[in-house]
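Here's a quick briefing to read alongside the model. Have the sequence and the 3D view open as you go.

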Amino acid sequence: MIAPSILSADFARLADELAAIEGSDWVHVDVMDNHFVPNLTLGLPVVQSLLKATDIPVDCHLMISDPDRWAVGYAEAGAYNVTVHVEAAADPIAIARDLRAAGAKAGLSIKPDTPVEPYLEVLREYDTLLVMSVEPGFGGQSFIEHVLDKVRTIRRLVDTGHLNLLVEIDGGINATTIERAAEAGVDCFVAGSAVYGAADPTKAITALRDQARTANHRFLPA
Ligand SMILES: O=C(CO)[C@@H](O)[C@H](O)COP(=O)(O)O
């Protein structure tokens, strides 16, 4: 799956920018509070408007402090998947249960240098793991290769039935990096500049999806 990140879109034309990615699997919405990360983007009122403007499932990535307080509001608003950072969450298990009870998928994100092993039990409560492949905060950064070790670890646990979740990756995904991420076992690829910086975002989505499918036989029909 490809999830274009609207962080790289024109914020003055968000409805048009959603229309430009028709056919994407999810749309990735980066909520930043200038506290957990050094950048400020948008919050719940804008997400509520985006939800009215599109049928594409909305994937909210909350780069905020105190997600224990704020995350459930995004689920109640109708976001498809709501992701919180494990580094910011006081009680990630309670958050996952609240998100699911409100009808959303629950996502947990880890920064590039956060190990995944301490959170394997917690991940049993989650539907998605978002592996950050850049330091969260800004689009257009370079892909951090070593996070693929975490992807491989989680892929093995999913494939052997120990975990049941989608592996998502975010940051620096483009035509040069997507195949390595796909080979490591990613299911869902967030791409900001590689989609919104392309002359034709729809073509860019199709090309990225084709590259990922070719790189990992799991994605090909039997
Ligand atoms: O969450 C973030 C950055 O913190 C991402 O979603 C970026 O928006 C990805 O942008 P590219 O690296 O694909 O340009």
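Asn-34 counts as partly exposed because 13 other C-beta atoms lie within 10 Å; on this scale 20 or more other C-beta atoms within 10 Å means buried, 12 or fewer means exposed, and partly exposed is in between, with C-beta atoms placed from the backbone. Keep in mind that this is a predicted model, where local features need pLDDT of at least 70, side-chain atom pairs count only at pLDDT 80 or more, and totals for chains, interfaces and linings use all residues. Residues are numbered from 1 along each chain as its sequence is written.

**Positive phi spots**

- Asn-34 sits in the loop between strand 2 and helix 2 (44-53); helices (H or I, at least four residues) and strands (E, at least two) are DSSP runs numbered from the N terminus.
- Phi of Asn-34 is near 60 degrees, which is positive in a residue other than glycine.
- For context, most residues other than glycine have a negative phi.
- Asp-66 shows a positive value too, with phi near 55 degrees, and its place is the loop between strand 3 and helix 3.
- Asp-66 is partly exposed because it has 15 C-beta neighbours inside 10 Å.

**The sheet**

- What order do the 8 strands of the open sheet take? They run 1-8-7-6-5-4-3-2, with parallel pairing; two strands pair if DSSP finds at least two bridges between them.
- At the edges you'll find strand 1 (2-4) and strand 2, each pairing on one side only.
- From one strand to the next, the twist averages 25 degrees; axes are lines fitted to C-alpha atoms, for helices over the stretch in contact, and angles run from 0 to 180 degrees between N-to-C directions.
- Helix 3 (residues 67-77) packs on the sheet and touches strand 3 (58-63) and strand 4 (81-85), its direction making about 170 degrees with that of strand 4.
- Helix 6 (residues 148-159) lies across strand 6 and strand 7 (166-170), and runs at about 170 degrees to strand 7.

**Strand 6 and its partners**

- Strand 6 (residues 128-132) pairs with strand 5 (residues 105-110) in the parallel sense over 4 bridges, and Gly-107 stands opposite Thr-128 in strand 6.
- With strand 7, strand 6 pairs in the parallel sense over 5 bridges; there, Leu-129 has Val-167 as its bridge partner.
- Strand 6 is mostly covered, with 5 of its 5 residues buried.
- Thr-128, Leu-130 and Met-132 point one way from strand 6, while Leu-129 and Val-131 point the other way.

**Nonpolar core**

- The largest nonpolar core has 70 residues; such a core is a set of buried Ala, Val, Leu, Ile, Met, Phe, Trp, Tyr and Cys residues joined through C-beta atoms within 7 Å.
- Val-82, Val-151, Ala-181 and Phe-189 have the most contacts inside that core.
- Phe-189 is in contact with several residues beyond its neighbours within four places in sequence, including Ile-2, Ile-169, Ala-181 and Leu-208; contact means C-beta atoms, placed from the backbone, within 7 Å.

**Around helix 5**

- Val-122 is found in helix 5 (residues 120-123) and is partly exposed because it has 16 C-beta neighbours inside 10 Å.
- Leaving aside neighbours within four places in sequence, Val-122 is in contact with Pro-92, Ile-93 and Leu-108.
- Tyr-119 lies in the loop between strand 5 and helix 5, and touches Val-86 and Leu-108, not counting residues up to four places away in sequence.
- Tyr-119 and Pro-92 are 27 residues apart along the chain, with their C-alpha atoms separated by 9.6 Å.

**Ligand shell**

- The ligand is surrounded by 22 residues, the closest being Ser-5, Leu-7, Gly-139, Gly-192 and Ser-193; a residue counts as near if its C-beta atom, placed from the backbone, lies within 6 Å.
- Strand 2 (27-32), strand 8 (188-191) and helix 8 (193-196) are the elements giving two or more residues to this shell.
- By type, the shell divides into 8 nonpolar, 12 polar and 2 charged residues; Ala, Val, Leu, Ile, Met, Phe, Trp, Tyr, Cys and Pro count as nonpolar, Asp, Glu, Lys and Arg as charged, and the others, Gly among them, as polar.

Notes
Contact = placed C-beta atoms within 7 Å.
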